[in-house]
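Hello,

Please find the structure we spoke about below. My notes on its two ligand sites follow.

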Amino acid sequence: MRAANTTLWDPLVRLFHWSIALIFIANYFFNEAGDDWHQWLGYVAVAWLVVRSLWGFMGGKGAARWADFFPTPARLAVHTKALLRGEAYHRMGHSPLGALVMLLMMLGIFLLGVTGYMLEEVDYFWGEQWVEDVHEWIANSVMALVVVHVSAALFESYRLKENLPLSMITGKRRPLD
Ligand code: HEM
Ligand code: HEM
């Protein structure tokens with residue numbers, strides 16, 4: 001018989017996840033000349049990034065901590081080799097490649113806040129075409145990462161026969177066999 005599912009993602013991690021996911025999608029598709037909603041939602045996402053980053057140093061649960069999953073070159077090498085050999089890689093927490101994509105998405109959303117601020121609030125850059133182009137390019141790059149992220153979550157769910165997106169809602173995951 002299987003052991004009961006264990007709690008992996010604490011409420012702050014889950015609230016952070018679905019907040020930035022919704023904000024990113026909303027701002028990606030609704031950006032009419034950067035209206036007020038677009039700007040404020042963008043800043044809320046940046047505030048979430050700060051909270052989540054601090055939580056990575058002091059969060060109660062191990063899996064929320066940077067030290068638990070930070071994608072060091074050594075960890076990335078182990079994960080990549082396992083993938084190339086077609087071997088399963090299963091751990092209670094972020095995988096190294098998953099964590100790398102996570103960091104890139106977070107960096108991209110942060111830079112959207114910075115370039116958005118430049119476009120709106122800094123006279124020197126106001127209405128500058130190149131800043132708009134950079135803002136748009138970053139938004140498209142984060143969208144590409146989101147596609148990779150969601151595909152990986154679905155693919156790993158299929159491979160592990162476990163609903164990983166559900167774990168980001170309930171916080172629970174099946175313990176390792
Ligand atoms: C749309 C924009 C999205 C963004 C920007 C995003 C970003 C992130 C980030 C930053 C994390 C790390 C969470 C943390 O430790 O705090 C994460 C984890 C996760 N996300 Fe997303 N996400 C998005 C959409 C989705 C969707 C639609 C799904 C489900 C299909 C999903 C499934 C997951 C899962 C399962 C994890 C945990 C991964 C693991 O087990 O290591 N995400 N996501
Ligand atoms: C999650 C964060 C954000 C995302 C995903 C996002 C995404 C986008 C996208 C896709 C566009 C359309 C680009 C184009 O086709 O020209 C856009 C435009 C714009 N964004 Fe953002 N953005 C974010 C945050 C912000 C923030 C924080 C601000 C300002 C405080 C901002 C200000 C603007 C402005 C002023 C435009 C209009 C540029 C124009 O006139 O075409 N954005 N954004």
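**Site of ligand 1**

This is a predicted model. Ligand 1 has 19 residues around it, and those that come nearest are His-17, Arg-52, His-94, Met-105 and His-149.

- His-17: an N or O atom of the side chain is 2.8 Å from a nitrogen atom of ligand 1.
- Arg-52: an N or O atom of the side chain is 2.5 Å from an oxygen atom of ligand 1.
- His-149: a polar side-chain atom lies 2.8 Å from a nitrogen atom of ligand 1.

Two or more residues of the shell around ligand 1 come from each of α1 (11–29), α5 (96–121), α6 (129–160) and α7 (164–170). Helix α1 has the largest share, with 7 residues. By class, the shell around ligand 1 holds 14 nonpolar residues, 4 polar ones and 1 charged one.

**Site of ligand 2**

Which residues coordinate the iron atom of ligand 2? They are His-38 and His-135, each through its NE2 atom, at 2.0 to 2.1 Å. These two histidines bring together distant parts of the chain: His-38 belongs to helix α2 (residues 36–58) and His-135 to helix α6, and they are 97 residues apart.

Ligand 2 is surrounded by 20 residues, with His-38, Tyr-43, Glu-120, Glu-132 and His-135 the closest. Both coordinating histidines also have a polar side-chain atom beside a nitrogen atom of the ligand, at 2.7 Å for His-38 and at 2.9 Å for His-135. For Glu-132, an N or O atom of the side chain is 3.2 Å from an oxygen atom of ligand 2.

The space that ligand 2 takes is the second largest pocket. The elements giving two or more residues to its shell are α1, α2, α5 and α6. Of these, α5 gives the most, with 6 residues. The shell around ligand 2 is made up of 8 nonpolar, 9 polar and 3 charged residues.

Regards

Notes. Residues numbered from 1 in each chain as written. Chains lettered and ligands numbered in written order. Predicted model: local features only at pLDDT ≥ 70, side-chain atom pairs only at ≥ 80, totals over all residues. Heavy atoms only, no water. Near = heavy atom within 4 Å. Polar contact = N/O pair within 3.5 Å; in protein donor to acceptor, adjacent residues only side chain to side chain. Helix = DSSP H or I, 4+ residues; strand = E, 2+ residues; numbered from the N terminus. Nonpolar A, V, L, I, M, F, W, Y, C, P; charged D, E, K, R; others polar. Donors = N, O, S within 2.8 Å, 3.2 Å for Na, K, Ca; no water. 1 Å grid on protein atoms, 1.4 Å probe; cavity = no way out; pocket = protein on both sides within 12 Å on 5 of 7 lines; lining within 4 Å. Sits in = over half its atoms within 2 Å of the grid points.
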